[in-house]
Amino acid sequence: AVVATLLSGAPSGEPLGADNPGRDGGRALARVLADEGVDVVPVAGTAELLDRPVGPGTTVLLTGTAYLDAQAGADLVEHVSGADRLVVVVPDASSSPGPVLGLDVGTAASGGGPPREPDCDDPLTRPGDLLLRWDVELEATGPDRSTVTACYPPTRGHGAGGAREGAVLSFPAAADRPQTVLVGLGSALSNAHVTEGAHAALGLRLLGASPELLWVVPRPGDAAAETAPTTLWEALPRSTTPAVVVLGAAVLALALWRGRRLGPVVTEPLPAVVHASETTRNRGRLYRQARDRRHALAALRAGTRRRLAPRLGLPATTDAQTLARAAADATGLPADQVLRLLDGPVADDDATLVTTARELRSLEEGLHP
């Protein structure tokens with residue numbers, strides 16, 4: 001429990017998390033922003049964001065919209081409408097922010113390519129700022145797309161004909177929303193690649209324009225009931241993973257400890273010696289008291305077969321028919337008569353039981369040398 005508690009205080013491990021030191025984390029960019037005087041405030045989910053005031057002098061970073069639906073997105077946009085800027089990371093083409101944020105945006109997976117230039121007139125970029133990595137191709141598709149600024153298009157001059165497509169889309173501020181910037185280059189801002197090309201400079205301009213930066217990492221609890229996670233593992237935050245691992249290891253160790261193999265059997269001397277003859281007689285009395293002729297006769301026949309087999313040179317597992325033929329050849333008796341003795345009908349009365357027992361004894365005596 002102590003180890004799980006200590007590990008649960010470790011970095012969350014969420015992609016682009018402000019406290020995540022891994023390759024896909026965003027702690028490097030967050031530290032540089034803090035060194036530049038920006039008050040970086042990590043926020044665990046949009047639900048927590050709605051509990052704090054957001055006004056001028058604040059930039060809001062949303063690292064994904066996978067857990068949000070249209071209603072949750074509308075509430076978020078309305079809540080941050082007084083902010084300076086809303087930056088939304090689009091990690092992959094399957095999680096389009098358009099329906100969530102009420103924007104006409106299309107997404108397409110990008111397979112990479114040669115470095116891209118900004119090729120746009122936007123204060124976020126500078127001429128010669130090369131982008132070496134991007135994840136999603138974004139395209140403004142609405143009737144107002146002419147007001148949208150697209151940076152880092154697929155090719156230079158791509159937007160000359162009116163197209164608004166690139167790795168970064170900037171929507172101007174409106175009465176009900178702040179300036180909204182969609183970025184399809186989350187991997188370029190990660191710890192592993194932020195130092196490449198102009199990634200760090202682009203990240204600082206995107207997120208460092210305001211004195212305060214609310215760094216929001218969505219949580220499964222942000223979703224509405226119809227979009228809630230379907231499995232328990234999806235619902236658990238990443239910070240609980242160490243605790244689950246420690247508890248699983250403890251259960252495995254307990255199973256190995258309690259399920260260890262037993263040692264050799266320990267023999268103990270009996271408190272009294274019981275002779276075999278006494279056991280046989282007492283067992284017979286029990287059969288007689290219960291009038292269980294079936295089991296009594298079965299025991300007699302089994303004993304006879306067990307003793308006859310080695311005398312006839314046969315294994316103990318020999319079936320009754322083979323044993324009967326061998327005994328008939330050795331004694332001169334008919335084979336069907338011997339088979340009836342060894343595996344015949346069950347005795348219905350005491351007289352038949354006694355007669356069969358005597359015939360079995362005679363059969364054994366007939367094989368004596």
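This is a predicted model: local features need pLDDT of at least 70, side-chain atom pairs count only at pLDDT 80 or more; totals for chains, interfaces and linings use all residues.
Residues are numbered from 1 along each chain as its sequence is written. Local features need pLDDT of at least 70, side-chain atom pairs count only at pLDDT 80 or more, totals for chains, interfaces and linings use all residues, and side-chain values use heavy atoms, without hydrogens and water.

**Exercise 1. Find the disulfide and work out its handedness.**

Step 1. Recall that a disulfide is a covalent bond between the sulfur atoms of two cysteines. Here the test is a pair of cysteine sulfur atoms within 2.5 Å, and the count comes to one.

Step 2. The partners are C120 and C151, with sulfur atoms 2.0 Å apart.

Step 3. The torsion about their S-S bond is about 95 degrees, so the disulfide is right-handed.

Step 4. Now place the two cysteines. C120 sits in the loop between β4 (105-109) and β5 (136-140), while C151 belongs to strand β6 (residues 149-151), so the bond ties together parts 31 residues apart in sequence. Strands (E, at least two residues) and helices (H or I, at least four) are DSSP runs, numbered from the N terminus.

**Exercise 2. Describe how α10 packs against α13.**

Step 1. Axes are lines fitted to C-alpha atoms, for helices over the stretch in contact, and angles run from 0 to 180 degrees between N-to-C directions. The axes of α10 and α13 come within 11 Å and cross at roughly 5 degrees.

Step 2. Angles under 35 degrees count as roughly parallel, over 145 as roughly antiparallel, 65 to 115 as roughly perpendicular and the rest as oblique. The two helices are therefore roughly parallel to each other.

Step 3. Look for contacts (heavy atoms within 4.5 Å). Among them you will find L297 and L300 of α10, and L353 and L360 of α13.

**Exercise 3. Explore the largest pocket.**

Step 1. On a 1 Å grid over the protein atoms alone, a pocket is an open set of points where a 1.4 Å probe fits, with protein on both sides within 12 Å along at least five of seven lines; lining residues have an atom within 4 Å of a point.

Step 2. The volume, the space filled by probe spheres set on the points, is about 730 Å³.

Step 3. Of 24 lining residues, T280, G284, Y287, A296 and L300 are closest to the centre.

Step 4. The largest share of the lining, eight residues, comes from α10.
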